[in-house]
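I opened my notebook to look through a new structure, one step at a time. Have a look along with me.

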Amino acid sequence: MDRLGGAGYSDRMTTVGYDVEALRTAFPDWSFFFSDEGVLYATRRGVRLDDADILKGLHQTVSANDVETVVDLLEDQQRVAAMS
């Protein structure tokens, strides 16, 4: 089983048709989209971070060239939020 709770998740992420629904299910407080260059962005839904949140290490938006890195960033954001 993979980190998002489904068998073979990373195998399904190898094509252009990424399974963004799996990300939305795993991280419902985030919106996901791909740029024209193929960069995956995740931005918080319905939350506007203030300066204090940002100073704690929280990010409004994260991005990376691959899904695995975005998942790592979102998991890190969960850890930072839990420590706040």
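Here are my entries, starting with the overall picture and ending with the salt bridges.

**Overall.** I kept in mind that this is a predicted model. I found 4 helices and 3 strands in the protein, and from the N terminus on they run α-α-β-β-α-β-α. I then looked up burial: of the 84 residues, 33% count as buried. The accessible surface comes to about 5500 Å², and carbon and sulfur atoms hold 51% of that surface.

**Strands.** I looked at strand S3, residues 61–64, and asked which side chains point to which face. Next I checked the pairing of S3: 4 bridges join it to strand S2 (residues 40–44), and the two run antiparallel. Val 62 turned up again here, as the bridge partner of Ala 42.

**Salt bridges.** How many salt bridges are there? I counted 2.

In one of them, the side chains of Arg 24 and Glu 21 meet at 2.7 Å, N to O. These residues are separated by about one helical turn, because they sit 3 residues apart in helix H2 (residues 20–26). Arg 24 has 36% relative accessibility, so I noted it as partly exposed. Glu 21, at 46%, is also partly exposed.

Arg 79 and Asp 76 also form a salt bridge, at 3.8 Å, N to O. Both lie in helix H4 (residues 67–83), 3 residues apart, about one turn of the helix. I noted Arg 79 as partly exposed at 47% relative accessibility, and Asp 76 as partly exposed at 35%.

Definitions and conventions. Residues are numbered from 1 along each chain as its sequence is written. This is a predicted model: local features need pLDDT of at least 70, side-chain atom pairs count only at pLDDT 80 or more; totals for chains, interfaces and linings use all residues. Side-chain values use heavy atoms; hydrogens and water are left out. Buried means under 20% relative accessible area, exposed over 50%, partly exposed in between (1.4 Å probe, protein chains only). Accessible areas come from the Shrake-Rupley method with a 1.4 Å probe; for residues, only the protein chains shown count as cover. Two strands pair if DSSP finds at least two bridges between them. A salt bridge is a side-chain nitrogen of Lys or Arg within 4 Å of a carboxyl oxygen of Asp or Glu.
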